[in-house]
Amino acid sequence: QKEVEQNSGPLSVPEGAIASLNCTYSDRVSQSFFWYRQYSGKSPELIMSIYSNGDKEDGRFTAQLNKASQYVSLLIRDSQSSDSATYLCAVNPRGYNKLIFGAGTRLAVHP
Amino acid sequence: DAEITQSPRHKITETGRQVTLACHQTWNHNNMFWYRQDLGHGLRLIHYSYGVQDTNKGEVSDGYSVSRSNTEDLPLTLESAASSQTSVYFCASSAAGRNSPLHFGNGTRLTVT
């Protein structure tokens, strides 16, 4: 079992819709969780971080964390063409100061 | 502005040669990391360092080495390049503290022929 798992996609959504990206992790004591966005040929950039159960909102983005079920999700409201990218889920396992990444989900927003 | 710089951006080398990829950060971060990215695998951790003279192996460390002689630099060396090491390599840094996010360099695309 991989430490961090994501559906590779592509996830295709129309402009204006909500995109829902999901991630599960295997280490039950993981404590911090991050979502990165990566455009083709570019480096990952941080979108959201979340540390406590529940929702965290930042503009059109909402991160959701459920530690009991070991999943973290990212919702993108009012999807735009500029959101088309690969989204990487990253987990800090066992309080170690390093991140383990999932393989990423490719999001395609179409007109 | 603080930044993290990787060089070269592109490198082509032959099988068996030694190659060193440079990473320099001006964030004054204690933590530095090397990842490789391949299709279908996402980012995989090669080596990391929590400070000067500290180095640790990640999940795919075979065939790679690092050294940390100062805060700013963490060079990655491929001792004898293999075609399986053709990849995009990202260097990253973070402040101390488990909730600190990573800041990434622009990547180095390495091709081993």
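This is a predicted model: local features need pLDDT of at least 70, side-chain atom pairs count only at pLDDT 80 or more; totals for chains, interfaces and linings use all residues.
Me: Which residues form a disulfide with sulfur atoms 2.1 Å apart?

Reply: A:Cys23 and A:Cys89 form that disulfide, with their sulfur atoms 2.1 Å apart. Residues are numbered from 1 along each chain as its sequence is written, chains are lettered from A and ligands numbered from 1 in the order in which they are written, and side-chain values use heavy atoms, leaving out hydrogens and water.

Me: How many disulfides does the structure hold over all chains?

Reply: In general, a disulfide is a covalent bond between the sulfur atoms of two cysteines. Here the call is a pair of cysteine sulfur atoms within 2.5 Å, and the structure holds two over all chains. The link of A:Cys23 and A:Cys89 is left-handed, with -70 degrees about the S-S bond. A:Cys23 lies in strand S3 (residues 19-25) of chain A and A:Cys89 in strand S9 (residues 85-92), so the pair ties together parts 66 residues apart in sequence. Strands are DSSP runs (E, at least two residues), numbered from the N terminus.

Me: What about B:Cys23 and B:Cys91?

Reply: They form a disulfide too, with sulfur atoms 1.9 Å apart. Its S-S torsion is about -75 degrees, so this disulfide is left-handed. B:Cys23 sits in strand S3 of chain B and B:Cys91 in strand S9 (residues 87-94), 68 residues apart. Both cysteines are buried, that is, under 20% relative accessible area, with exposed meaning over 50% and partly exposed in between (1.4 Å probe, protein chains only).

Me: In what order do the four strands of the open sheet in chain B run?

Reply: Two strands pair if DSSP finds at least two bridges between them. The order is S1-S3-S8-S7, with antiparallel pairing. The edge strands are S1 (4-7) and S7 (64-66), each pairing on one side only. Three bridges join S3 (residues 19-25) to S8 (residues 76-78) in chain B, and B:Val19 has B:Leu78 as its bridge partner.
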